[in-house]
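Biologist: I would like to learn how features of a model are read, one at a time. Where do we begin?

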Amino acid sequence: MDQPATRKIIHIDMDAFYASVEQRDNPELRNKPLAVGGSRERGVVAAASYEARQFGVRSAMASSIALRKCPDLLFVKPRFDVYKAVSSQIKSIFAQYTDLIEPLSLDEAYLDVTDSLLSNTSATQIAQTIKEQIKRETQLTASAGVSYNKFLAKLASDHRKPDGLFVIKPHQGLAFVEGLRIEQFHGVGSVTAAKMNQLGIFTGLDLRQQTEAFLTRHFGKVGHHYFCIARAIDYRPVTANRVRKSVGSETTFAQDLIEESALAEALQPLIDSVWGHCERTGIRGRTVTLKVKYTDFAQITRSRTTLSLMTETTQFRQIALELLESIHPLQKGVRLLGVSLSNLQTGTTLESGQLTLDL
């Protein structure tokens, strides 16, 4: 399953983007632990400065937990109009080097520079030039990863954050992947990592030693993806104007739940996780979907669509909890619970409660 090493992909990820913008614009916030988001009891951290991360504060974390970890944490409200303007400024920089730009969020994008607008310039040189131009024009830092596919480029940009530049060349891809802990793989969450650990898979090398049939049996269709990335293979092209269809979070319980109060409590962190992603990316949506898998593996979904985009976490939370309430009383236990938001639009909140298109 060899992959032709012909493409030149750059992954650009702004460093602590929202927090860095706030520190740039307010000198009093510089070099201090900062969280962008709500400080209320049910608030969520949308982004954390590197000073806050040293205390264990992370995006999508409940604000109450963040404050326990860092009592001196400063909270500022998100300013999506500013983040959008800076994001557009950064995208205009990308456009000077390639037409193939795939935004993932306001602060992250893939660039295919195989046929760059700058001839006779290496992908590494382009990445370095982009980083320097971003810093010069926005006073913000970005990390860049360069490789021959999207999976490796993403890993590379994470490798030397903040303000890093790392290159994974074609002959280095396999060795780089095999040395990674499985939880370092982009797209492998904590639940999947724990399941892999139970199967004796702790590193990229362990993953590569599994057959595709074994991975598909244990992980379903995504098993093929794991089989490929363990071999540093990723055929996905950089797609301009990529549109995400939904964002969701789910969890499988160690013991089946049946009490309404226990399920409502378990749903809260899933809601916070989804809305935390929305806060980080500027995404809002109109359709909330609840996913329930019972102890006998039967699965149902319940959805509700609003007339306008949801701009507040309270509205999203209320609908999700009402959908949960609608499935009671339960006749059997629940082994998995999930919630997602779809009918998405990326942009910034306006006074009208609507969002403007972005990127």
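This is a predicted model: local features need pLDDT of at least 70, side-chain atom pairs count only at pLDDT 80 or more; totals for chains, interfaces and linings use all residues.

Biologist: In which sense do β1 and strand β7 pair, and over how many bridges?

Modeller: The sense is antiparallel, and 6 bridges join β1 to β7, which covers residues 142-147.

Biologist: Which residue in β6 does Ile12 stand opposite?

Modeller: Ile12 stands opposite Ala109. The pairing of β1 with strand β6 (residues 108-112) is also antiparallel, over 5 bridges.

Biologist: Are the residues of strand β1 buried or exposed?

Modeller: The reading rests on a cut-off: buried means under 20% relative accessible area. In β1 (residues 9-14), 6 of the 6 residues are buried, so the strand is largely enclosed by the rest of the structure.

Biologist: Which residues are on each side of β1?

Modeller: Ile9, His11 and Asp13 are on one side, with Ile10, Ile12 and Met14 on the other. Both faces are covered, as these residues are all buried.

Biologist: Now to empty space. What shows where empty space is left?

Modeller: A probe the size of a water molecule is rolled over the atoms, and this shows where space is left empty. For this model, searching the whole structure gives 1 cavity of 30 Å³ or more. The space in the largest cavity is about 90 Å³.

Biologist: Which residues that line the largest cavity are the closest to its centre?

Modeller: They are Ser87, Phe94, Leu106, Glu108 and Ala109, out of 14 lining residues. Two or more lining residues come from each of β1, α4 (80-94), β5 (101-105) and β6. The element that gives the most is α4, with 4 residues.

Biologist: How do the residues of that lining divide into nonpolar, polar and charged?

Modeller: The lining of the largest cavity has 9 nonpolar, 2 polar and 3 charged residues.

Biologist: How many salt bridges does a search of the whole structure find?

Modeller: The idea is a distance test: a side-chain nitrogen of Lys or Arg has to lie within 4 Å of a carboxyl oxygen of Asp or Glu. Here the search finds 17 salt bridges. One of them joins the side chains of Asp163 and Lys135, at 3.9 Å from N to O.

Biologist: Where do Asp163 and Lys135 lie in the chain?

Modeller: Asp163 is in the loop between α6 (150-159) and β8 (165-167), while Lys135 belongs to helix α5 (residues 123-138). They are 28 residues apart, and the pair links distant parts of the chain. Asp163 counts as partly exposed, at 38% relative accessibility, and Lys135 is partly exposed too, at 44%.

Biologist: Are Glu279 and Arg284 buried or exposed?

Modeller: Glu279 has a relative accessible area of 12%, so it is buried. Arg284 is buried as well, with 3%. Their side chains meet in a salt bridge of 2.5 Å, N to O. Elsewhere, salt bridges with shared partners join Glu22, Arg24, Asp25 and Arg79 into one network.

Biologist: What is the N to O distance in the salt bridge of Arg181 and Glu183?

Modeller: The distance is 3.2 Å. Arg181 counts as partly exposed at 45% relative accessibility, as does Glu183 at 43%.

Key:
Residues are numbered from 1 along each chain as its sequence is written. Side-chain values use heavy atoms; hydrogens and water are left out. Buried means under 20% relative accessible area, exposed over 50%, partly exposed in between (1.4 Å probe, protein chains only). Two strands pair if DSSP finds at least two bridges between them. On a 1 Å grid over the protein atoms alone, a cavity is a set of points where a 1.4 Å probe fits but cannot get out, and a pocket is an open set with protein on both sides within 12 Å along at least five of seven lines; lining residues have an atom within 4 Å of a point. Grid points are joined across faces, edges and corners, and a volume is the space filled by probe spheres set on the points. Ala, Val, Leu, Ile, Met, Phe, Trp, Tyr, Cys and Pro count as nonpolar, Asp, Glu, Lys and Arg as charged, and the others, Gly among them, as polar.
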